[in-house]
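Welcome, and please open the model in your viewer. We will go from one selection to the next, with a short note at each stop.

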Amino acid sequence: MMRQNEPRDYITIQDDDGNFKEFAVEALFEMESKSYALLAAEDETMLMQVEGEEGDQYLVGISNPVESQSILDAYQVAVEEAPAE
């Protein structure tokens with residue numbers, strides 16, 4: 001069971017302007033043989049693809065907003081159909 005005050009993993013991302021922002025890792029999931037990370041900060045949520053092998057993984061932004069939204073929509077449906085214990 002996930003609790004609100006339970007510590008989460010955090011990741012710092014540098015944007016195109018060189019600014020750093022800290023995101024909480026909300027979820028890691030797979031869809032169509034690809035791995036994704038759902039990240040959240042106070043004012044934004046971001047979906048990134050996980051690339052590489054275990055131990056040498058990195059995050060890649062999804063440049064197509066339609067693709068990103070369809071993945072988020074499918075993830076939301078999956079969560080609603082199989083809520084966490």
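**First stop: a serine**

Select S68: with a relative accessibility of 14%, S68 counts as buried because the cut-off for buried is under 20%. Keep in mind as you look around that this is a predicted model. S68 sits in helix α1. Which residues does S68 contact, leaving aside its neighbours within four places in sequence? Show L47 and I62, and you have them.

**Next: the largest nonpolar core**

Keep L47 and I62 on screen, for both belong to the largest nonpolar core. The largest share comes from β2, with 3 residues.

**Zoom in on L38**

Centre the view on L38. Not counting residues up to four places away in sequence, L38 touches A24, V25, E26, A27 and F29, and also T45, M46, L47, L72 and Y75.

**Last stop: colour by confidence**

The protein chain averages 87, and 88% of the residues score at least 70. Which element has the lowest mean pLDDT, and which the highest? Strand β1 (residues 10–14) has the lowest, at 90, while β3 has the highest, at 94.

Terms used. Residues are numbered from 1 along each chain as its sequence is written. This is a predicted model: local features need pLDDT of at least 70, side-chain atom pairs count only at pLDDT 80 or more; totals for chains, interfaces and linings use all residues. Side-chain values use heavy atoms; hydrogens and water are left out. A nonpolar core is a set of buried Ala, Val, Leu, Ile, Met, Phe, Trp, Tyr and Cys residues joined through side-chain atoms within 4.5 Å. Buried means under 20% relative accessible area, exposed over 50%, partly exposed in between (1.4 Å probe, protein chains only). Helices (H or I, at least four residues) and strands (E, at least two) are DSSP runs, numbered from the N terminus. Contact means heavy atoms within 4.5 Å. pLDDT is the predictor's confidence in each residue, from 0 to 100.
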